[in-house]
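Dear colleague,

I am passing on the structure below, together with some notes on what was found in it. Please keep it open beside this message while you read.

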Amino acid sequence: MRKDKPSKTAYKVALSIVTLGAKPGMDRFLPPGIVQATEKLLVASGAASARTVRWSGSQRMVSVCEAFDWMLPGQFEAFACRKAFCERQVREGIGAGATQILVLGAGYDTLGWRLAPEFSSVNFFEIDHPSTARLKARGIEAMGRRDNLCLIPEDLGKRRLVDVLESNELWEQTARTVIVAEGLVMYLPPEAVRDLFGQCAVMVGGGSRIAFSYIPTGADGRPDADRWTGLMLWLQKVIGEPWLWSIRPEELSVFLEESGWTKTPALAGSTDKHGVEFFGVATK
Ligand SMILES: C[S@@+](CC[C@H](N)C(=O)[O-])C[C@H]1O[C@@H](n2cnc3c(N)ncnc32)[C@H](O)[C@@H]1O
């Protein structure tokens, strides 16, 4: 990704959440309060103007997004499913005793900010590239800081996760933890993804889980976006956030085992594809 600019894909996900909030029936999927919190965050951080946010929440924008769905079927609603999936993993994980939540590549995600007051004995951590994390921190400051939410601006391509977490005095390496890596791993080089999963396993206690989304590898070996693969790969490259990693679903178990995790499909609840992505859960 472009190191000096806030993430365009994080911005796109956040605006899509605002637009999904205006789509009839989506409240069945979207976590409660997510749309309002995202709207607030985008404006308070300066990531988007109030006008852009209003426009994104209009019926016209819903129609525009729906029209683009002919290209990548299901991609618009996939963001709502992804948010619901991650929040379910976090809530279930806390129910099963997790006392730490780590959101990697958090972008303008509001899960930590929304859930921190509800789970005051749980520590929430977010890591994102400084160019996005700093903007977000400004927004969180304006919306109201949470005592148990720690925003960490760090480029995980430059500094290892273990070093980042070890230098944080609140992080407990043996605590049961839920890690969320939503819309992140496709942007990292293959060796970095393997290393990241491995580091995650080392930094958490037994009974922890990692929830993630990923793009499957197609027959030609590239990240697969069906018939628009070439165009999507080119577009992602042009915006400076190319898709670098993908995996064949049937190879995921071995990949996770080698990284210290056990694929746990029962927790994921569904093996459906959402837009271009699959969702996965693994436990330690
Ligand atoms: C597609 S966005 C997803 C944002 C968020 N997870 C969501 O779904 O709303 C990808 C995020 O990964 C972050 N990211 C990409 N490469 C990173 C790196 N090397 N270190 C830290 N964050 C990174 C970007 O800044 C961006 O916020």
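This is a predicted model: local features need pLDDT of at least 70, side-chain atom pairs count only at pLDDT 80 or more; totals for chains, interfaces and linings use all residues.

The strands

Helices (H or I, at least four residues) and strands (E, at least two) are DSSP runs, numbered from the N terminus, and two strands pair if DSSP finds at least two bridges between them. Strand S5 (residues 209–214) has six of its six residues buried, so it is largely enclosed by the rest of the structure; here buried means under 20% relative accessible area, exposed means over 50%, and partly exposed lies in between (1.4 Å probe, protein chains only). In a regular strand the side chains alternate between the two faces of the sheet. In S5, Arg209, Ala211 and Ser213 point one way, whereas Ile210, Phe212 and Tyr214 point the other way, and all are buried.

S5 is joined by four bridges to strand S4 (residues 177–181), and these two run parallel, with Arg209 of S5 as the bridge partner of Val178. S5 is also joined to S8 by six bridges, and this pair runs antiparallel. In strand S8 (residues 277–283), six of the seven residues are buried, so S8 too is largely enclosed by the rest of the structure.

Strand S6 (residues 262–263) is joined to S8 by two bridges in an antiparallel arrangement, and Thr262 stands opposite Thr283 in S8. Strand S7 (residues 273–274) likewise pairs with S8 in the antiparallel sense over two bridges, where His274 stands opposite Glu277. S7 and S8 form a hairpin with two residues between them, and Gly275 in the turn has a positive phi of about 60°.

The helices

Helix H1 (residues 8–21) and helix H5 (residues 75–95) pack at an angle of about 95°, with their axes 9 Å apart. H1 and H5 are therefore roughly perpendicular to each other, a term that covers angles of 65 to 115 degrees. The contact (heavy atoms within 4.5 Å) involves, among others, Val13, Ile17 and Leu20 of H1 and Phe76, Phe79 and Ala80 of H5.

In helix H10 (residues 229–238), the residues Thr229, Met232, Leu233 and Gln236 are buried. They cover an arc of only 100° around the axis, which puts them on the same side of H10; the arc is that of the directions from the helix axis to the C-beta atoms. The buried residues of H10 pack against H1, and H10 is followed by Gly240, whose phi is positive, near 85°.

Two loop residues

Trp70 lies in the loop between helix H4 (59–68) and H5 and is exposed, with a relative accessible area of 53%. Leaving aside its neighbours within four places in sequence, Trp70 is in contact with Arg227 and Trp228. Asn168, in the loop between helix H8 (161–166) and S4, is instead buried, with a relative accessible area of 14%. With neighbours within four places in sequence left aside, Asn168 is in contact with Phe125, Cys150 and Ile152.

With kind regards

Key: Residues are numbered from 1 along each chain as its sequence is written. Side-chain values use heavy atoms; hydrogens and water are left out. Axes are lines fitted to C-alpha atoms, for helices over the stretch in contact, and angles run from 0 to 180 degrees between N-to-C directions. Angles under 35 degrees count as roughly parallel, over 145 as roughly antiparallel, 65 to 115 as roughly perpendicular and the rest as oblique.
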